[in-house]
Structure formats: C-alpha cells, structure tokens
Amino acid sequence: MKKMRFIFILIFLAFNSYINNTYGESITIEAEDCTLSGTLTIEKTTSGYSGTGYVSRFENSTDFLTTSVEIDTEGPYNVYIGYAAPYGEKKNYVSINGNSTEVNFPVSYSFKEASVGKINFQKGANEIKISSSWGWILVDYIRIEPNTDPEVTFNISGNLVTPNASNETYALYQFLQDNFGKKIISGVMTLNSLDEATWLKETFNKEPALLGIDFMHCNRGYTWYNNEAPVNDAKLWYSKNGIPAMMWHWRDPSRITEEFYTSNTSFDVSKINDPNSAEYTAMLNDIDFIAGELLKLKNQNVPILWRPLHEASGTWFWWGAKGPEPAKVLWKLMFDRLTTYHKLDNLIWVWTTDSNSDNMDWYPGDEYVDILGVDIYAETGDYSSQVLMFEKIKSDFQGKKIISLSENGVIPDPDNLDNDNAGWSYFMPWYGDFVRDGFSNPISHWQKVLNHEYVITLDEMPDLSTYSSTNSFIRTLKESNFKVCVNQNQLNITTKNIENKYDVYLYSIGGKLCVEQLNNTANSVIDLACLQTGIYITKVITNDKQESFKIIKH
C-alpha cells in the first residue's frame with residue numbers, strides 16, 4: 001500500500017562539469033554554482049558545508065536546481081549527494097538521464113553524504129535531476145566518482161526455499177524464471193474480488209496475468225465479509241492460467257483495534273521474542289488461521305506468490321515498528337510455521353525491500369526468500385523504467401533473486417523497460433485511482449502497456465499446471481527420496497529410505513509419455529538410447545509419494 005506523502009519537486013539542470021578521460025578521478029559539483037529558480041537561496045547558516053554555501057530549502061514546486069555532467073568515458077559511476085536534513089528524515093528521487101530512483105536522506109543536523117548508488121553514465125552530456133517526495137533538505141553538492149566494482153550478474157537458483165515444493169509451485173517458479181529479463185508479467189491489485197481486473201477487461205478487452213489478493217478482512221468476524229473470498233479468487237484466477245499474488249494487511253492481532261498502521265495501534269511486535277507473551281500467542285493464532293486458508297489452495301494444487309509483512313522497513317506497519325530484528329524473527333517464525341508445521345508446499349516467498357541504506361539489515365536471508373519485491377510510486381507522468389532501483393537491488397543482493405515491481409502507481413513504459421534492460425519480473429499497480437483515475441495511468445498508456453509485445457497478459461499465459469521450462473537448470477528436491485541423474489545413455493535412479501516398489505514415467509517436454517518402467521525396487525537403470533537429445537521430465541511415483549525431476553539427455 002502506498003504511504004501517502006506530500007510531493008515537492010526539485011530539479012537539477014544546467015551547470016556543465018567534466019570527468020576526465022582517465023576514468024580515475026572524481027568530481028564535486030557545488031549546489032551554489034548551479035542555476036537556481038523559484039525561491040531557492042544560497043545560505044551559510046548551517047556550518048560544515050563545502051564551497052561557498054549550500055542551497056535551501058525546496059519549499060515550493062517551482063524551486064529547482066539543475067546540472068548536466070559531461071562524461072568522457074562511458075561506464076558505471078558512484079553518485080553521492082552532500083546534504084543536511086534538520087527537518088527530519090526525507091526521501092527524494094534522484095533522476096539521471098530520465099531514470100529515477102528513490103534515495104533516503106536520514107535526519108542530520110550537519111552535512112553528510114547520501115549514496116544514490118552505482119549509475120551507468122553515457123559518454124557526453126548526462127542530465128541529473130533530484131525530485132523529492134518530502135522536500136525540505138539542504139543540498140550542498142553532488143559528487144561523482146568512477147565505480148570499479150566487479151559487474152554483478154544474475155545467478156538464480158532453480159530451487160525454491162519451501163521444502164519439497166509441489167510440482168505446480170515449481171512450474172510457476174520456472175515460468176517466472178524463463179521470462180525474467182525477457183518480458184514483464186502484467187498485474188493489478190484488487191480490493192473487492194476481481195474488481196480491477198474486470199474493469200481492465202471491460203475497458204480494453206485485456207486482463208492482467210497476475211492478480212493481487214489481500215487477506216486484510218479475514219478472521220476479524222466481519223458480518224459483511226466472506227472469509228473465503230481471497231481463496232476463491234485465487235482458485236478462479238489460477239484456473240484461468242493466471243498468477244495469484246497474495247498479501248496480508250495484518251490487522252492488530254490483539255483485537256484491541258482493527259488497525260495495521262503503527263500510528264493507530266500499540267501492538268508490540270518485539271514480543272515475538274517471548275513465547276509466553278499474549279502478543280506471541282495472538283500472532284501465532286493469526287498465522288495458523290491464514291495457514292488454514294492457504295491449505296485450501298494447497299489441496300486444490302494452487303500455487304501462489306506469498307508476500308506477507310510487506311514494507312516492513314518503512315516502519316509504518318506494526319510488524320516493522322520495532323526495527324529489523326523483530327520483523328526478521330516474525331518472518332522466520334511464519335516461514336517455519338507454514339512450511340514445516342502446516343506443511344504448505346504451494347508458497348513462493350516474496351520479500352519487499354527498498355532503496356534505504358539499511359535495506360540489508362531487514363533481510364531475513366536467502367534461505368527464506370524466493371523473490372525480491374520493490375514498491376515504487378513514481379510521480380505522475382514518470383514512465384521511466386526505474387532501472388536505477390533495479391540495478392541497486394540487483395547489486396545489493398548479488399543477483400541471487402528474481403526482482404519484481406511488487407507494487408507501483410505509474411506503470412513504466414514497456415519501451416523504456418526493454419531499452420534500459422530493466423528486467424522487472426512483474427508489475428502490480430495498486431487498486432483504485434492508480435488503475436482508473438486517468439492520471440496515474442491514462443487510458444492511452446494502459447492501451448499501450450496491455451498490447452505491448454514486452455508485456456504478458458492473461459490471454460498469453462500457458463497452462464501453468466503443466467508448464468515445463470526449456471531452460472537447463474535442474475531442480476533438486478530438498479529431502480528427496482530419490483537421486484536422479486543421467487550417465488551417457490542411462491538414467492540412474494538411486495533410492496533413499498524407500499522400501500516399497502515405485503514406478504517411473506519419462507515424458508518429453510511436450511508431455512508425451514516416452515518410457516514407462518513399473519514395479520522398481522531399490523536402485524534402477526533405464527536405457528535412454530532410443531530417445532532424442534533434449535529435456536525430459538521424470539516422474540517417480542510410490543504408493544504415497546510423487547516426485548518430478550528434469551533431466552537433460554545429450
């Protein structure tokens with residue numbers, strides 16, 4: 001959910017600087033040397049500034065300051081803003097050549113630096129703009145230096161963090177992996193059942209591939225609400241080959257209030273460290289209720305993208321109000337409760353991160369997260385790819401996870417996404433005005449997005465229940481009862497803790513049964529000499545278990 005805030009605009013344009021050809025020197029651009037407009041003034045009251053002063057204070061939308069940097073060597077650079085924030089913590093957007101990213105400016109009564117991150121500059125002129133969502137900072141300078149860190153590339157595991165995830169869950173994950181960086185999956189958040197998806201269908205004759213669904217009203221005893229609505233919506237959407245993406249605006253577990261915002265409830269998440277506390281019991285009871293709802297989807301073989309405890313680092317929800325440590329403990333408890341205790345095998349875990357300098361402090365760990373989500377609400381009319389944020393998250397997490405635009409207001413222009421290689425897995429504009437008001441996403445923009453070849457809509461989705469990847473990564477089941485490998489023209493199956501007989505079925509990537517070998521005992525060997533080179537799916541079935549493996553015959 002978007003945290004509401006006032007929008008002030010400050011733009012940097014017009015002063016030219018130069019980074020020399022050696023690609024080894026840094027440059028500092030003093031704010032007071034730039035062209036000022038509006039009510040901006042050069043001040044010297046706060047000590048510790050560099051140069052001859054600093055620029056204050058960006059109170060009006062007409063206040064802006066600009067610079068253009070001439071780069072002689074194309075490549076990655078680190079960008080820093082010298083600032084003071086005596087009026088409290090602020091968030092601002094820094095835009096370079098039309099691409100913006102959100103930067104956190106912690107409260108500071110003296111001048112210090114905030115990192116924008118690693119930015120790729122083009123040879124020649126590079127325009128730098130800063131737009132703030134809160135404003136009210138003192139700008140001292142912009143500093144740019146060459147970045148010599150090794151390039152981060154994506155190296156995403158074929159495995160899920162859920163132990164022994166179901167075949168359908170792996171199929172959905174493989175679909176996400178296959179399209180990551182190649183196309184973006186369209187989505188939309190809903191408030192009342194399929195409301196926004198229905199509006200898109202009626203308006204454009206197109207439906208999003210992904211549907212956002214919330215457990216917000218569940219388990220509260222509301223007489224006007226059907227607790228089964230989220231589960232029913234998820235089942236319906238998956239039956240249409242859509243992707244259910246479920247989240248939880250978790251209302252006060254103590255039931256003292258019906259709130260989830262920190263400002264409206266005093267519920268103490270830090271009590272998660274005390275199993276004897278009433279708060280711990282309340283949180284566990286709520287998790288168990290949601291587990292029961294998710295179990296209904298498991299029993300129907302419906303996989304979901306599961307994004308609980310979203311925007312924790314913003315601290316505006318109670319689950320983030322006490323800092324990163326309790327939030328991480330709660331995430332891990334929920335993960336263990338759902339996957340180990342309730343044995344849910346249909347969850348793909350999505351963690352929401354951000355651009356703050358302490359974003360890694362909130363991260364529960366690679367073993368608890370499948371997908372990284374970022375929530376970006378750009379200014380109206382900003383259809384940039386948000387590639388600066390994409391590259392920051394890619395770098396911060398070392399390319400280990402799929403990255404998604406888990407919430408957004410303005411949808412990035414697909415042309416910009418494609419041109420900038422901003423490979424967000426999916427987008428999901430928030431319900432209401434962000435979908436329908438004609439300003440955040442005008443009709444013409446929706447028309448372009450939903451009909452763009454870079455965007456996957458519902459009508460372009462495969463049958464997810466039988467989807468099989470053509471990529472070469474091989475799934476390795478955690479605690480698998482079988483080890484399956486190919487040695488030249490033989491498929492070798494090694495058993496573990498299996499006393500009963502088992503059957504083996506080998507399917508082509510298109511679903512054709514190629515080999516059937518029944519009533520196997522202990523280890524077995526299957527001759528593959530008659531099969532063509534390619535990818536095959538092996539299913540090993542006992543009287544109470546079924547496991548699937550992808551193999552490659554060379």
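What share of the contacts in the protein with a separation of 6 or more is accounted for by residues 24 or more positions apart? The share is 72%, where a contact means heavy atoms within 4.5 Å. The structure is a predicted model, in which local features need pLDDT of at least 70 and side-chain atom pairs count only at pLDDT 80 or more, while totals for chains, interfaces and linings use all residues. Residues are numbered from 1 along each chain as its sequence is written, and side-chain values use heavy atoms, with hydrogens and water left out.

We begin with the protein as a whole. It has 9 helices and 29 strands, which are DSSP runs numbered from the N terminus (helices are H or I with at least four residues, strands are E with at least two). The radius of gyration is 26 Å, close to the 24 Å that the globule rule gives for 554 residues, so the protein is as compact as a globular protein of that length; this radius is taken over C-alpha atoms, and the rule is 2.2 Å times the number of residues to the power 0.38. Along the principal axes, the C-alpha atoms fill a box of roughly 85 × 60 × 50 Å.

Of the 554 residues, 57% count as buried, a word that here means under 20% relative accessible area, whereas exposed means over 50% and partly exposed lies in between (1.4 Å probe, protein chains only). The protein exposes about 22,900 Å², and carbon and sulfur atoms supply 47% of that area, as given by the Shrake-Rupley method with a 1.4 Å probe.

An α-helix has 3.6 residues a turn, so residues three or four places apart point the same way. Just after helix 4 comes asparagine 301, with a positive phi of about 60 degrees.

Helix 5, covering residues 324-341, has 18 residues and reaches 24 Å from its first C-alpha to its last, close to the 26 Å expected. Its buried residues, including Leu330, Trp331, Met334, Phe335 and Leu338, pack against helix 4, strand 17 (304-307) and strand 18 (347-353). Arginine 337 also belongs to helix 5, and it is buried, with a relative accessible area of 17%. Leaving out residues up to four places away in sequence, arginine 337 touches Leu284, Ile287, Asp288 and His342. After helix 5 comes lysine 343, which has a positive phi near 55 degrees.

Strand 18 holds isoleucine 348, which counts as buried at 0% relative accessibility. Apart from residues up to four places away in sequence, isoleucine 348 touches Leu160, Thr169, Leu172, Tyr173, Ile304, Leu305, Trp306, Asp370 and Ile371.

Loops deserve attention as well.

In the loop between strand 12 (138-146) and helix 1 (167-179) lies asparagine 164, whose phi is near 50 degrees, a positive value in a residue other than glycine; at 29% relative accessibility, asparagine 164 counts as partly exposed. Alanine 522, in the loop between strand 26 (513-520) and strand 27 (524-527), likewise has a positive phi near 50 degrees, and it counts as partly exposed at 47% relative accessibility. Finally, the peptide bond from serine 56 to arginine 57 is cis, with omega near 25 degrees, and arginine 57 lies in the loop between strand 5 (54-56) and strand 6 (65-71).

Definitions and conventions. Expected span 1.5 Å × (residues − 1).
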